Amino acid sequence: MNLTLKIWRQKGPQDKGQMVEYKVTDISEHMSFLEMMDVLNESLVAKDEVPIAFDHDCREGICGMCSLHINGEPHGPDRGITTCQLHMRTFKDGDTIYIEPWRAKAFPVIKDLIVDRMAFERIQQAGGYISVNTSGNTQDANAIPISKHNADLSMDAAACIGCGACVASCKNSSAMLFVSAKVSQFALLPQGKIEAADRVRNMVKQMDEEGFGNCTNTGACEVECPKGISLENIARMNREYLKASII
Amino acid sequence: MSGFLSSSIARKVAMSLSALFLIIFLVIHLAVNLTSLFSEDVFNEMSHFMGTNPLIQFAMQPVLIFGVVFHFVMGFILELRNKKARNVKYAKFNGAASASWMSRNMVVSGAVILAFIVLHFIDFWIPEINTKYILGDMSGVLPGEEGYRYFEELQHKFVNPLRVGAYVVAFILLGLHLAHGFQSAFQSIGFNNKYTKCVKNLGTIYSIVIPLGFIIIALCHHFNH
Amino acid sequence: MTTLNSRVPEGPIKDKWTIYKDKINLVNPANKRNIDIIVVGTGLAGGSAAATLAELGYNVKAFAYQDSPRRAHSIAAQGGINAAKNYMGDGDSNYRLFYDTVKGGDYRSREANVHRLAEVSGAIIDQCVAQGVPFARDYGGLLDNRSFGGVLVSRTFYAKGQTGQQLLLGAYSAMNRQIARGKIEMFNRHEMLDVVKIDGKARGIIARNLITGEIERHSAHAVVIATGGYGNVYFLSTNAMGSNATAAWKIHKKGAFFANPCFTQIHPTCIPRSGDYQSKLTLMSESLRNDGRIWVPAKIEDAKAIQQGKLKPTAIAEADRDYYLERRYPAFGNLVPRDVASRAAKERCDAGYGVNATGEAVYLDFAAAIFRYGSEKAKVQGLHNPSKEEITKLGETVIEEKYGNLFQMYEKIVDENPYKTPMMIYPATHYTMGGVWVDYNLMTTVPGLYCIGEANFSDHGANRLGASALMQGLADGYFVLPYTIGDYLADDIRTGKIPTDAPEFDEVEKSVKDQLEFFINNNGSHSVDYFHKKLGLVMWNKVGMARNEKGLKEAIKEIQEIRKDFWKNVKVPGSLNELNPELEKAGRVADFLELGELFAKDALEREESCGGHFREEHVTEDGEAKRDDKNFAYVAAWEYTGKPSEAVLHKEQLEFKDIELKTRSYK
């Protein structure tokens, strides 16, 4: 199939950037979206043009590196997948496709479609851990029984890949789904309860300082999240935060 | 608790609590108004009680006004901050793909409701305050007439079809605001569990029934006058 | 000539590690504050090492080419992690895990290292649970286990199909805690381009800031390489796009021996290639082979019709299907080890029986399993004389519970419903057992230079068992390196900060810059990928699942030619001082082009078939792999002397004192 691509090009963080139009031809419907981008880039290299920079790595939907806003939606129109798992059969011959980077003040563009997600790192560093040293003689793993229900919920929250689609999809650029997933993962486990209050306070404080917007419960993040992280996690974080603030 | 309102979650919780308070208020307001359809006397009695009881006038009313003002001011502040969180806009943003119109446009429905409240205050509240506290007439009776004045004033307001039209539009927007706001308020205070489905259904019913009630009242008085 | 000293401690195998730990030198806490350690790569091995070293008090500088340690390719491991906890009470023990790993590795790993791995395996699980890793649990709240190929016990701990992700996030969270404390300085989007040696010791690295293009010098008292395997030498593999061998190869060129490069694991159940544009291959969990039956058409004309899209697999009668694994290996059937299953698929496809347009795919059919589960469920539900449709429907729900997410992933990629039509699979490069040679301390042949995780060669011999990669990465990072590195650093407490203005830094930095400038200024005619794909094709065809002398010799020549062509005609757009993915790739492919040759050379030299290395000349009468313990029970450690073709072979003889050498048989 033949497609028209409108792609955000920006030389560097200080550059203004603009949408640039490209045409690609003979795209196979079995290609992944990123393979289509590879084909475009190969043709740009052949024409001595600078190829389009975009983040990607594992190309199997788990590393969280790929981050394209395609036709107005993070990771494109399909559900439950990342950009690298999106296939061209989702589109029709002759389509025009808009490809943009994640847009948020807290995610400044580095180049073209690559954004800086260090804000997520700093939020994790503010408390996304359990303070236990490696010693080789922590108590036996089975000495802490955890109900299957909570273990499963914790796992569901922990499935977050930190891609940032929640922020990209949110009309407010809120990072609540991301932060709440980490808060929830630990809040649901007995090991995590000890530092729960400090954790939620510090992580939320860092989140606010990074300049993400507020949550207005539109639920777009949950729909667009490639891992289906539930809004329940945001509610749980709100509870944890209230508990931590009041008590 | 110091600096509590400086955090994003705390602001959301404050929005939610003020919303829940207004949700309860709307039920009471509708209940009182509904009586006007069935009995002029009951409506008058209740209106007089509400309008003259010191507890309601000097404790509840200021709280309500604070709640309304707070909800609006905070709502607009949050909207401004949220807009700032995305400094470069998308060339194409398909918000409809993942979230309802209502949830994405709370500030629009909110602004319409604000405009309505201004109109509503001019229509009812300011004349009331003027009569009671400036002119000092606490009787609830028009000079030279028998019985309370409230019902008649109510009917009089709904003569003008433009005003009725404005009311109906505002109530529809109120419904849309509530359709998202009701369940959103619960989510914000951390209420999301096995009863959430129930809350969502209740929210849908609430967001239809309450505005519809007000619309019916307005239309009835308009056509029955 | 350097002699290899593996520094395996004396004593009975069960006590080696304990006795050794009691006797090695330690660095006191006050002195640790004065010692810097560089960790390159932050996957399971590097991440856990960085966190633990920082907890101990060392100053750690960690480097990752992605924007976060959480993105390392360890994250993609699906199945689980082995540990000899014996929670199931099925007779598991450290010895049994040790035995299974050595046997599974076809007796080409170092006994003492593997036993240590088994010894610390239990502590890994304890540590991860304490960190909040949400392992799967049973209804009693205790940890659940599943079983994996090649073993007789259930010892695999798992977190849904995302065990690698959860373990990595555990190590990442431990790192985050140390980053927040300032004990780890994290360099995201940085790539190590060379190591700096001063007085023969590793004292620092040259790294490129991938955002600004700036070349940076970093010094330390020791350098740890944890950059994973070199599977991308094949271009197409299940590795991440960025996975590369540059750090490992650069240290090899600076004196670290490279061991057993020909030991590469080809995983049998990957989604087949669909066209020339293909950028990577996707793995489907090995667990699918528990219920899927593998087949190709028995008649060549059926195969041809399928390849041309004229025939549907479901239209082929049972009698016309060749369930070749069940036919050749009646005892293990579809559950033969990875290397055996992969070769059998290749054999059928080479004979022309492949089942997709490229002729490189076989069927993995769940129809029988669906029918079996459906019938069982119908009985449980008390359905009398259920119709075929009812049984199929019930069976599909069972399969969905077990493999739903994998089936969904398959459907997204291939656009076929695997419940209705058989899945297509084909082998793909997955893991490299070979790597940088290390001694018992995990130190390379360069003093102060360590190598851990998949990047080293140590524990898996010629073939890795499922769920052992995660175990090894974390064992190295959490429980081995942090002890053994102290033994070396104890001599460095008075050294003081290593200056980065030493002439050695100047020299290495210059060579790094020269190479980068060459790429940018070389007005070539072909993109980097063009050469990478060419290399991959040679590697796959001649140094792939089955190798022979003729092919390997050709491969060596062809790789040399591609390399020559590369240095003449490679084209890298953009400039040095910016984010430039093409420039990054160029350096990586340059190294793959050398590594590939050594790989082929090693394969040529190893005149036996063992584990992932299959030489067509060395087979039993019925075509199975034939190991030669008399002549090849050694680690081939290659020393770089200027060119891959001139690499010098050093042999570390492997001694099996605690395990008897046996031929693997799955018939």
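Modeller: Happy to. In the largest nonpolar core, which has 294 residues, the members that touch the most other members are C:Ile124, C:Val224, C:Ile225, C:Val436 and C:Tyr450. Helix 13 of chain C gives this core its largest share, twelve residues. Please keep in mind that this is a predicted model.

Let's zoom in on C:Val224. Setting aside neighbours within four places in sequence, C:Val224 is in contact with C:Ile37, C:Ile38, C:Val39 and C:Val40, and also with C:Ala49, C:Tyr450, C:Ile452 and C:Leu481. One of these partners, C:Tyr450, is itself among the residues that touch the most other core members. There is also a second, separate core of 22 residues, and B:Leu173, B:Leu178, B:Phe182 and B:Phe186 are among its members.

Now for the side of chain C that faces a partner chain. Here 65 residues of chain C are in contact with 64 residues of chain A. On chain C, helix 3 (44-56), helix 5 (111-131), helix 6 (163-181), helix 12 (388-414), helix 13 (469-489) and helix 17 (581-605) each supply at least two residues of that side. Helix 6 of chain C makes the largest contribution, nine residues. By type, the chain C residues touching chain A divide into 27 nonpolar, 22 polar and 16 charged.

As for chain A, it has nine helices and seven strands, and its C-alpha trace spans about 60 × 35 × 35 Å along the principal axes. Of its 247 residues, 62% count as buried. Among contacts in chain A with a separation of 6 or more, 70% are between residues 24 or more positions apart.

Terms used: Residues numbered from 1 in each chain as written. Chains lettered and ligands numbered in written order. Predicted model: local features only at pLDDT ≥ 70, side-chain atom pairs only at ≥ 80, totals over all residues. Helix = DSSP H or I, 4+ residues; strand = E, 2+ residues; numbered from the N terminus. Buried ≥ 20, exposed ≤ 12 C-beta atoms within 10 Å, placed from the backbone. Contact = placed C-beta atoms within 7 Å. Nonpolar A, V, L, I, M, F, W, Y, C, P; charged D, E, K, R; others polar. Core = buried A, V, L, I, M, F, W, Y, C linked by C-beta atoms within 7 Å.
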